[in-house]
Amino acid sequence: MPIDPALTHAETALLGEHRPLTRAEAQAVGAVPLDQLPDLIALAHRVRLEYCGDTVELESLINAKSGACPEDCAFCSQSAQFSTQAEVYPFLDIDEVVATARATRDAGATQFCIVVAVRGPEERLLAKVIKAVAAVHQETGLEVACSLGLLTAPQAERLADAGVHRYNHNLETCREMFSTICTTHTYDDRVATAQLALDAGMELCCGGILGLGETLEQRIDFAFELAELGPTEVPINLLDPRPGTPLENQTMLSPRAALQAIALFRLILPSAWLRLAGGRERVLGELQGMGLLAGANALIVGNYLTTTGRSPDDDIALLEALGMPKAEGPGEGRFIVDGNGAQSRPAKAPNKNSVPVEILSPRSG
Ligand code: SF4
């Protein structure tokens with residue numbers, strides 16, 4: 001079967017002309033039938049290699065304060081508004097955060113993300129997080145990201161000054177869908193926090209969750225809305241419906257639809273770390289490895305916020321089988337693509353308050 005013209009056209013744009021796809025071009029790619037998915041995956045993989053290389057960034061996260069969140073995101077078992085089995089506990093002891101970070105480093109990850117389930121951090125919580133960031137830097141040398149909900153500008157600046165190198169705040173879904181998923185804050189609230197993180201000098205980690213009932217066209221819109229923010233990293237969660245949430249009966253994406261979405265995200269966000277996160281085991285099943293051939297180049301390893309992941313050793317073995325080296329050290333493998341095409345260079349100078357890179361070697365702690 002000949003390659004679909006929409007794919008050849010996209011290939012010329014991204015690999016020949018080194019320009020981003022237009023929405024119409026992306027939609028044409030989305031319309032390519034799923035029985036031609038291998039061709040789309042092959043293209044996404046070539047784009048990933050050209051723009052990002054073959055390394056895979058591993059990150060682990062800690063749910064440092066779980067449950068009892070006042071917000072009502074319909075997919076989330078940590079909302080206090082739903083009756084779920086999610087654990088509820090206050091911010092963990094710093095020793096526990098550091099111990100998890102150490103385990104992360106020992107499992108081969110270079111990134112560690114401190115996540116708390118809140119609308120936004122109040123002062124006491126923020127102070128604790130900042131202490132925990134310093135302790136993790138000191139004890140492990142990992143790069144530390146945070147995900148603390150909606151921020152004010154001074155809060156974003158304090159986190160950047162504390163050496164938080166990347167801030168996670170997902171848009172979760174496209175603008176058109178958002179008000180059906182969450183009513184306690186708005187899409188624009190989320191965009192504003194993403195922008196504040198960037199303004200403060202942190203890298204932006206901004207993605208969402210696929211399979212909330214959005215159409216393929218809305219999924220493409222979502223990728224373009226993310227691209228407008230210029231995130232360094234885009235986490236892709238795949239809905240694994242949680243009992244007790246309003247989406248508990250939502251049908252999961254098929255593995256093929258999930259792979260198609262991952263590939264489309266790669267074509268629309270060619271230079272981002274595209275990180276497969278929660279739900280990948282359940283949704284992709286036997287096709288885990290295909291996710292990394294369809295354009296993803298980063299993984300959450302270990303457990304997710306409220307669900308259990310597989311062993312990091314299994315993911316390391318998968319990378320070996322695929323011949324994809326993991327990013328070895330903080331900042332390694334960073335890349336930015338300018339308007340003229342792929343050009344590797346550091347994303348930004350180290351934060352002035354960060355521990356020097358020699359001390360940050362993951363092998364040194
Ligand atoms: S997704 Fe975040 S903000 Fe929304 S309910 Fe869950 S913890 Fe709260």
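Helices are DSSP runs of H or I with at least four residues, strands are runs of E with at least two, and both are numbered from the N terminus. The model is predicted: local features need pLDDT of at least 70, side-chain atom pairs count only at pLDDT 80 or more, and totals for chains, interfaces and linings use all residues. Residue numbers start from 1 along each chain as its sequence is written.

**Exercise 1.** Which residues of α3 are buried?

Solution. A residue is buried if 20 or more other C-beta atoms, placed from the backbone, lie within 10 Å of its own. In α3 these are L40, I41, L43, A44, H45, V47, R48, Y51 and C52. In the protein, buried residues make up 48% of the 365 residues.

**Exercise 2.** Describe the largest nonpolar core.

Solution. A nonpolar core joins buried Ala, Val, Leu, Ile, Met, Phe, Trp, Tyr and Cys residues through C-beta atoms within 7 Å. The largest has 103 residues, of which I114, C146, V164, L264, F265 and L267 touch the most other members. Helix α10 (residues 255-268) gives the most to this core, nine residues.

Definitions and conventions:
Buried ≥ 20, exposed ≤ 12 C-beta atoms within 10 Å, placed from the backbone.
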